[in-house]
Amino acid sequence: MNLPNKLTCLRMLMVPFFVAAMVLPFSNHYLWALILFIAASFTDMLDGKIARKQGLITDFGKFMDPLADKILVTSALICFVDLWVTPAAVIIVIIAREFIVTSLRLIAAPKGIVIAADIFGKMKTVSQMIWVATTILQMYLEEELWIGVTALAALNTLLMWATLALTVISGINYLWKNRAVLSDMK
């Protein structure tokens, strides 16, 4: 297994620790959650750069990298619903898109088609990661430091809606670009 694929696996292994830091009330737990989330997000950027630069792009990486992103981000979003931070309807739309695109990849795989992330999918992932990180930062500031940051709350609301829009646009884009995969389903 090459280094980019190991980083992808590491990102998936970090998720349970991230979730524990989100939901278990210990001192500075949101700070630890933020650190873990940023570290995991950094592995996403790093594995892609290494894979492209060193010619280590594999079908495993094309499939598992987006899946690892989905596991990380959806874990955060489900925690947000549990913690009453984000409306469930927003999270349902985002997770529905992830299921649709992942299902499309699963339908394409037996046909020898690998559906790699495109620019819209990457923009969606980056926006989700930024939104999640700033939301956790806000949660940390409010819980541990007792600082209510109105500007950060407003930014997070804007990021939530921008992320939702990018999520829907990227989902439609994947379906449109790969409609042939679905058209010959029997």
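This is a predicted model: local features need pLDDT of at least 70, side-chain atom pairs count only at pLDDT 80 or more; totals for chains, interfaces and linings use all residues.
Local features need pLDDT of at least 70 and side-chain atom pairs count only at pLDDT 80 or more, while totals for chains, interfaces and linings use all residues. Residues are numbered from 1 along each chain as its sequence is written, and side-chain values use heavy atoms, with hydrogens and water left out.

**View 1. Helices α2 and α5 side by side.** Here α2 (residues 29-53) packs against α5 (residues 119-144) at about 160 degrees, with axes 8 Å apart. Helices are DSSP runs of H or I, at least four residues, numbered from the N terminus. Axes are lines fitted to C-alpha atoms over the stretch in contact, and angles run from 0 to 180 degrees between N-to-C directions. The pair is therefore roughly antiparallel, a label for angles over 145 degrees.

**View 2. The largest pocket.** Its volume (the space filled by probe spheres set on the grid points, joined across faces, edges and corners) is about 720 Å³. A pocket is an open set of points on a 1 Å grid over the protein atoms alone, where a 1.4 Å probe fits, with protein on both sides within 12 Å along at least five of seven lines; lining residues have an atom within 4 Å of a point. Of the 36 lining residues, D44, G48, R52, D65 and K122 sit closest to the centre. Helix α2 brings the largest share, 10 residues.

**View 3. The second largest pocket.** This one holds about 150 Å³ of space. Its lining includes V85, W131 and M160, and α5 gives the most, with five residues.

Notes:
Helices (H or I, at least four residues) and strands (E, at least two) are DSSP runs, numbered from the N terminus. Angles under 35 degrees count as roughly parallel, over 145 as roughly antiparallel, 65 to 115 as roughly perpendicular and the rest as oblique.
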